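Subject: Model handover

Hello,

Please find the model below. My notes on it follow, beginning with the aromatic rings.

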Amino acid sequence: MCSTDALHCDDAAVIVGELDRVRRNLAALEAERTMLLDALRRANESHEELIVTMGDVEGAPGSKGGAADASDWVARSTRAEVACVLRVSERAAATLIAEARVLCADLPATTEALRCGDISYAHARALVEDAQLFRPLDRGAFEQAVLSGRLDVTANRFAHRCRRVREHLDPETIDERSERAARSRGVTVQPARDGMGWLMAYGPIMQVQLAHTLLTGTAMDETAAGDPRTMSQLRFDALVDAVLRSGRPVGLVDGADAASLRPVRVGVTLTVPALTLLGRGDEPAVIDGYGPIPLDVAKTLAAGADSWRRVLTHPVTGVRLCLDRETYRVPAALRAWLADRDGTCRFPGCDRAASSCDVDHTDDWADGGCTDHDNLAHLCRTHHRLKHHTRWWARFEDELLVWTSPSGHEHATGPREDREPALTRLRQ
């Protein structure tokens with residue numbers, strides 16, 4: 001072996017050693033985060049009087065008297081604070097808090113293995129997921145059985161072990177568990193880039209596998225007939241035909257017109273740059289809840305809409321018209337302007353579309369707040385109620401809405417970014 005090869009081996013050995021050190025440090029940090037999450041939960045539960053106000057939500061029906069008890073609002077506030085600090089959704093924050101509660105209370109050996117770097121958080125999460133199916137008193141036996149095996153395996157193999165052990169120890173039959181799990185079936189949408197998105201179906205494996213087999217069969221028939229599309233494209237097009245075209249033959253999605261689709265009532269809010277509307281610009285249209293899309297796609301989506309609300313933006317400055325702000329009730333024109341400015345709920349991390357949110361006075365009308373663009377913001381009902389039932393509060397600083405949590409930490413949200421002209425963004 002030449003000296004160059006030996007040097008390379010030495011360098012690689014050092015790098016691999018550093019990777020292992022970083023892996024262990026990351027696991028230790030995950031363990032620390034877990035303990036902090038549970039400590040925060042317990043601290044908030046012990047001092048609920050510093051979090052809950054149980055005030056009424058202005059303008060919200062049925063808000064008198066506090067719709068939920070204090071412990072529920074403490075949990076909501078904790079979840080919101082964790083989401084803000086970790087930059088995750090509140091659903092993800094709730095999952096992390098629940099996992100921390102189980103790990104710290106019922107699975108000390110798992111927590112220690114995580115702290116020492118013997119397992120990753122993905123391993124710990126797999127164990128928690130199955131441990132939650134047992135009574136707290138029975139989780140220790142389950143944990144001991146799982147951790148008695150080798151720990152230097154992938155998280156996927158570790159999860160398989162957890163399921164095998166659970167199946168052996170769980171007194172409830174798999175049929176009973178499957179029946180209960182089937183009640184959580186559903187379909188969700190996740191936007192992707194370039195005008196695309198994921199349609200995800202979650203349900204019993206037999207039905208999911210059968211649906212995939214039928215789509216594959218249709219794709220194979222089309223391939224045998226000489227269709228040039230890939231199998232993945234053919235599966236998707238067959239699914240669209242089955243759902244949207246009511247049994248019409250499989251056709252090219254790109255060439256389909258709106259008339260071939262089932263009639264569906266939709267509400268479409270588009271922002272169209274003025275030069276694009278006049279045919280002298282190429283900035284894309286923006287659709288609420290997604291972002292930039294090609295203009296021809298926007299026209300196709302809007303073909304079945306009952307009405308349009310068109311928002312024209314200045315091609316350089318993006319300046320919008322300032323509307324009437326002198327009454328308690330928000331005028332329709334001002335409400336439309338605010339929806340265009342906010343786009344979503346203005347609580348940190350919340351992506352609920354403005355169209356399904358309340359318009360809230362940041363400084364309450366009863367306390368002297370006025371109906372002005374810099375005192376109004378869209379809040380979904382969950383965060384509207386959080387603001388009025390707990391000690392979360394907000395203030396405007398220019399266009400930023402700055403939130404202060406019961407612990408005193410600040411988190412800011414700005415107006416929607418997809419309204420900014422492209423030239424301005426490039427200059428920044």
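A search of the whole structure finds 3 aromatic pairs, a pair being two rings of Phe, Tyr or Trp (its six-membered ring) with centres within 6.5 Å, called stacked if the planes are under 30 degrees apart, edge-to-face if over 60 and tilted for the rest. One of them joins Phe347 and Trp403 edge-to-face, at 4.9 Å centre to centre and 65° between the planes. Phe347 is in the loop between helix 13 (332-342) and strand 7 (358-361) and Trp403 is in strand 10 (residues 400-404), so the pair ties together parts 56 residues apart in sequence. Helices (H or I, at least four residues) and strands (E, at least two) are DSSP runs, numbered from the N terminus. Phe347 and Trp403 are both buried (under 20% relative accessible area; exposed is over 50%, partly exposed in between; 1.4 Å probe, protein chains only). Ring pairs link Phe347, Trp392 and Trp403 into a cluster.

This is a predicted model, in which local features need pLDDT of at least 70 and side-chain atom pairs count only at pLDDT 80 or more, while totals for chains, interfaces and linings use all residues. Residues are numbered from 1 along each chain as its sequence is written, and side-chain values use heavy atoms, with hydrogens and water left out.

Strand 10 also pairs with strand 9 (residues 393-397), antiparallel, over 5 bridges; two strands pair if DSSP finds at least two bridges between them. Trp393 stands opposite Thr404. In this hairpin, 2 residues lie between the strands, and Asp398 takes a positive phi near 55°. Strand 9 has a covered face, Ala394 and Phe396, and an uncovered one, Trp393, Arg395 and Glu397.

Strand 7, by contrast, has both faces covered: Asp358 and Asp360 on one side and Val359 and His361 on the other are all buried. Strand 7 runs antiparallel to strand 8 (residues 376-379), joined by 4 bridges, and His361 has Leu376 as its bridge partner.

- Arg33 over Tyr121, 5.0 Å from the ring centre
- Arg76 over Trp73, 4.3 Å from the ring centre

Regards

Definitions and conventions: A charge sits over a ring if NZ of Lys or CZ of Arg is within 6 Å of the ring centre and within 35 degrees of the ring normal.
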